[in-house]
Amino acid sequence: MDTTSPFPLEPPDERHSRAPEFYGFVAWTSTSILFVLYVLWALLPDEYIVWLGVEWYPSREWTLLLPAYSIVLVLLTYFVYFAIAIARTPSFSDPNTFIDTKAHLPALDANQHLKHADPGAIPELYDIPIGMVNRVVYGPHRSRNEMRPSGESSSKADKVQESPETP
């Protein structure tokens, strides 16, 4: 046997607890025993159960009701979590849909581009405001009158929307 291994053999570290191993074994054993008892309760005739010494046991209809109720409970849990997620989702008009509390926005009182005009300066890192992104992607904001060519009249829907008639 070669004992000149570059990795010396060390005894295992005995400082950690082995309790999770025992808890796992007890959980596995108890669920296995409960499953066997459940199957025996569901399939054995009444005479055999009484012969085993069990004088009272629940009705056999519970052999079907317990799995059915547990499936309904699992599905209801998924439905409730999905409904809570939808209920807590902000609307599309809410600014929380595109900005969060961790956003690092530039200061409003100073021009960020002039502060770093020095060619050797490293600009400060910050998130781009959504208004600036919209101006770059969609162009400058124009009112309705500026969008229409000068010789074109507004449509009936625009007139109704601009000035609603009151009776």
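Trainee: How do you know that H1 and H3 meet, and which residues are involved?
Mentor: In this predicted model, Tyr 38, Trp 41 and Ala 42 of H1 meet Trp 62, Thr 63, Leu 66 and Pro 67 of H3, where contact means heavy atoms within 4.5 Å. Local features need pLDDT of at least 70, side-chain atom pairs pLDDT 80 or more, while totals for chains, interfaces and linings use all residues. Residues are numbered from 1 along each chain as its sequence is written, and side-chain values use heavy atoms, without hydrogens and water.

Trainee: Why is H1 called oblique to H3?
Mentor: The axes of H1 (residues 19-43) and H3 (residues 62-88) come within 10 Å and cross at roughly 135°. That angle makes H1 oblique to H3, because angles under 35 degrees count as roughly parallel, over 145 as roughly antiparallel, 65 to 115 as roughly perpendicular and the rest as oblique.

Trainee: Which residues does UniProt annotate as "transmembrane region", and how much of each span is helix?
Mentor: The unreviewed UniProt entry gives residues 22-44 and 64-87; such annotations may be inferred rather than shown by experiment. Residues 22-44 are 96% helix and 0% strand, with end C-alpha atoms 32 Å apart. Residues 64-87 are 100% helix and 0% strand, with end C-alpha atoms 34 Å apart.

Trainee: What makes up the lining of the largest pocket?
Mentor: Leu 37, Leu 40, Trp 41, Leu 44, Ile 49, Leu 52, Val 54 and Tyr 57 line it, having an atom within 4 Å of a pocket point. Eight lining residues are nonpolar, none polar and none charged.

Terms used:
Axes are lines fitted to C-alpha atoms, for helices over the stretch in contact, and angles run from 0 to 180 degrees between N-to-C directions. Helices (H or I, at least four residues) and strands (E, at least two) are DSSP runs, numbered from the N terminus. On a 1 Å grid over the protein atoms alone, a cavity is a set of points where a 1.4 Å probe fits but cannot get out, and a pocket is an open set with protein on both sides within 12 Å along at least five of seven lines; lining residues have an atom within 4 Å of a point. Ala, Val, Leu, Ile, Met, Phe, Trp, Tyr, Cys and Pro count as nonpolar, Asp, Glu, Lys and Arg as charged, and the others, Gly among them, as polar.
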